[in-house]
Amino acid sequence: MTGFDTGLTSHAPQALLIAAVLAGMWLPLVVIRYARADRGMRVSMRQAVRVRWGWVRLARMAGLTVTDKTPGLLAQITAQKDGPAPAPPGVDSQDQGQAGPAASAS
């Protein structure tokens with residue numbers, strides 16, 4: 001026995017068996033669905049698989065990119081707490097704190 005026995009290796013055969021059973025249940029369903037489909041549907045199914053597996057490359061080719069403006073964990077931890085609370089989406093900073101049109105009329 002090594003000094004690195006965490007108990008996970010004792011569960012490996014069970015996990016492998018569960019994965020094999022799930023794959024054994026899923027694969028025939030996919031094969032039967034593909035075999036019963038007509039020619040046009042098979043083409044569509046193959047295209048769907050290609051899109052699912054290659055969507056990142058396709059999105060970059062189409063110029064679709066997303067910039068995540070959420071600060072990372074380190075930035076959240078080190079952020080100063082003294083600043084004003086951020087405005088909710090769709091609210092201008094000048095409108096913050098007003099209840100609506102009735103509040104500006106008074």
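Modeller: Helices here are DSSP runs of H or I with at least four residues, and strands are runs of E with at least two. The model is predicted.

Biologist: How many helices and strands are there in the protein chain?

Modeller: From the N terminus on, the elements run α-α-α-α. The count for the protein chain is 4 helices and 0 strands.

Biologist: What share of the protein chain's residues counts as buried?

Modeller: Buried means under 20% relative accessible area. The accessible surface of the chain comes to about 10,200 Å², and 64% of that belongs to carbon and sulfur atoms. Of the 106 residues, the buried share is 4%.

Biologist: Where is the kink in α2 centred?

Modeller: Helix α2 covers residues 39-61, 23 residues in total. A straight helix would reach 33 Å, but the end C-alpha atoms of α2 are only 29 Å apart. The helix has a kink of about 80°.

Biologist: Which element do the buried residues of α2 pack against?

Modeller: Met45, Gly54 and Ala59 are buried in α2. The buried residues of this helix pack against residues 12-36, helix α1.

Biologist: Which residue just after α2 takes a positive phi?

Modeller: Helix α2 ends at residue 61. Just after the helix, a phi of about 80° is found at Gly63.

Biologist: Is Leu17 buried or exposed?

Modeller: Leu17 lies in helix α1. With Ile18, Val21, Leu22 and Met25, Leu17 forms a nonpolar surface patch of about 510 Å² accessible area together. The cut-off for exposed is over 50%. Leu17 has 54% relative accessibility, so Leu17 counts as exposed.

Note on methods
Residues numbered from 1 in each chain as written. Predicted model: local features only at pLDDT ≥ 70, side-chain atom pairs only at ≥ 80, totals over all residues. Heavy atoms only, no water. Expected span 1.5 Å × (residues − 1). Bend = angle between axes of the 7 residues up to and from the residue. Buried < 20%, exposed > 50% of the residue type's maximum accessible area, 1.4 Å probe, protein only. Contact = heavy atoms within 4.5 Å. Patch = residues over 30% accessible without salt bridge, like charges linked within 9 Å, V, L, I, M, F, W, Y side chains within 5 Å. Areas by Shrake-Rupley, 256 points an atom, 1.4 Å probe, with all protein chains shown as cover. Salt bridge = Lys/Arg side-chain N within 4 Å of Asp/Glu carboxyl O.
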